[in-house]
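Keep the sequence and the structure open beside you, and try each task before you read its solution.

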Amino acid sequence: MKLTRRLFLAAGTAALAVTPSLAQDNASAPAPFDGEERPVVALVRYLSTGDFFQAYLAGVERQAEALDIELRVFDSRQDAALQSDMMDQAIGLGVDGIIVQHGLTESMKPAVQRALDAGIDVVAFDVDVENEAVPQIEQSDRDLARLAIEQAIEDNGDSFDAGYVYVAGIAPLDRRDAVWQEMKEANPGINEFARFGTLDNPIANSVANQAAAVLRANPTINVIFAPFDEFAKGAKIAVDEAGLSSDIRIYSADVSTADIQAMREPGSAWVATAATNPTVVGEVSVRALASLMAGEDVDGQVVVPPTLITQEMLNGEDISNMEELSAKMPQFSHADVMVKPWMKLPER
């Protein structure tokens with residue numbers, strides 16, 4: 001397979017010569033990162049709408065550039081059949097490795113197996129492809145949910161009426177849902193009055209339309225658990241439009257500059273989120289795949305630890321964007337995960 005890919009790229013316009021100086025710089029790195037030829041990696045995406053996914057892509061691009069990887073990006077825009085087709089396109093191009101970013105198990109499981117059968121290394125971010133040969137890059141979704149829900153209990157006590165934003169079948173949301181169910185069972189005073197959610201684009205606006213109807217039908221809701229920041233944005237839009245910002249608190253997962261600004265608006269109902277830096281997660285995804293491509297062992301689960309971020313902390317530290325968040329929370333700007341001595345890291 002590797003020989004086929006080399007012949008294919010040598011014949012095509014995508015082939016790039018490696019200068020002697022680059023080969024010398026990479027002399028201590030294992031193949032295919034030793035400068036003999038430029039490795040090619042495909043990022044095959046299911047979800048791309050929203051700040052989180054833009055930041056994730058930026059991290060993938062930054063680490064790929066640092067390792068001199070030629071990156072091909074395939075964006076299916078939440079079309080499972082198209083994502084499967086794009087996997088086949090990447091296989092046909094003879095890439096060295098594939099990062100699968102989100103997707104549905106039923107469509108990605110056979111597609112990933114086809115890639116493995118073709119001799120291509122694969123890692124998956126937030127999609128369960130049910131294959132032990134494929135490391136899963138995770139944000140520790142259970143910890144993300146636990147941190148947010150524990151903050152909700154601290155703020156509101158262990159008895160409140162909740163609205164819950166959830167879409168089944170997406171691996172990270174399913175893992176977060178498992179914690180939500182456990183926390184409800186451990187705290188019977190938490191009443192889930194309504195469950196809603198959609199991934200229809202634009203996600204935030206679509207969720208806002210649902211949330212508006214839910215709030216009208218359930219006036220006692222005083223907490224919304226929205227464990228994805230696009231869900232939280234939608235919930236906040238509905239809460240603001242209903243004039244309920246002082247009556248409802250929103251708890252979420254994930255963070256971006258736009259999220260920080262929304263949380264810091266005067267009187268904002270969005271009071272806490274648990275998150276990893278999506279740019280860092282993108283970088284870790286590339287490093288995990290690079291380790292596989294270099295023939296190194298990679299654990300089945302590669303976990304990036306999350307951090308709780310509260311409105312109170314953002315206001316107290318006067319944090320307005322992701323750069324300031326990283327500067328004032330160093331653990332947020334870098335994760336020492338899948339860092340190998342031979343790997344060049346992105347410049348900070």
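**Exercise 1. How many nonpolar, polar and charged residues does the lining of the largest cavity have?**

Solution. Step 1: the lining has 8 nonpolar, 2 polar and 3 charged residues. Here Ala, Val, Leu, Ile, Met, Phe, Trp, Tyr, Cys and Pro count as nonpolar, Asp, Glu, Lys and Arg as charged, and the others, Gly among them, as polar.

Before going on, note that this is a predicted model: local features need pLDDT of at least 70, side-chain atom pairs count only at pLDDT 80 or more, and totals for chains, interfaces and linings use all residues. Residues are numbered from 1 along each chain as its sequence is written, and side-chain values use heavy atoms, with hydrogens and water left out.

Step 1: find the place. Of the 13 lining residues, Leu47, Phe53, His102, Pro172 and Phe228 lie nearest the centre of the largest cavity. A cavity is a set of points, on a 1 Å grid over the protein atoms alone, where a 1.4 Å probe fits but cannot get out; lining residues have an atom within 4 Å of a point.

Step 2: look at the elements. Helix 3 (51-66) and helix 7 (171-186) each give two or more residues to this lining, and helix 7 gives the most, with 3 residues. Helices (H or I, at least four residues) and strands (E, at least two) are DSSP runs, numbered from the N terminus.

**Exercise 2. Are helix 6 and helix 7 oblique or roughly parallel to each other?**

Solution. Step 1: the axes of helix 6 (residues 141-156) and helix 7 come within 8 Å and cross at roughly 40 degrees. Axes are lines fitted to C-alpha atoms, for helices over the stretch in contact, and angles run from 0 to 180 degrees between N-to-C directions.

Step 1: apply the cut-offs. Angles under 35 degrees count as roughly parallel, over 145 as roughly antiparallel, 65 to 115 as roughly perpendicular and the rest as oblique. Helix 6 and helix 7 are therefore oblique.

Step 2: check the partners. Among the residues that meet are Leu144 and Ile149 in helix 6, and Pro172 and Trp180 in helix 7; contact means heavy atoms within 4.5 Å. The residues of this contact divide into 9 nonpolar, no polar and 7 charged.

**Exercise 3. How do helix 4 and helix 5 lie to each other?**

Solution. Step 1: the axes of helix 4 (residues 80-93) and helix 5 (residues 105-117) come within 9 Å, crossing at roughly 5 degrees. Step 2: the two helices are therefore roughly parallel. Step 3: Met87 and Ile91 in helix 4 and Met108 and Val112 in helix 5 are among the residues in this contact, which has 7 nonpolar, 3 polar and 2 charged residues.

How values were computed:
On a 1 Å grid over the protein atoms alone, a cavity is a set of points where a 1.4 Å probe fits but cannot get out, and a pocket is an open set with protein on both sides within 12 Å along at least five of seven lines; lining residues have an atom within 4 Å of a point.
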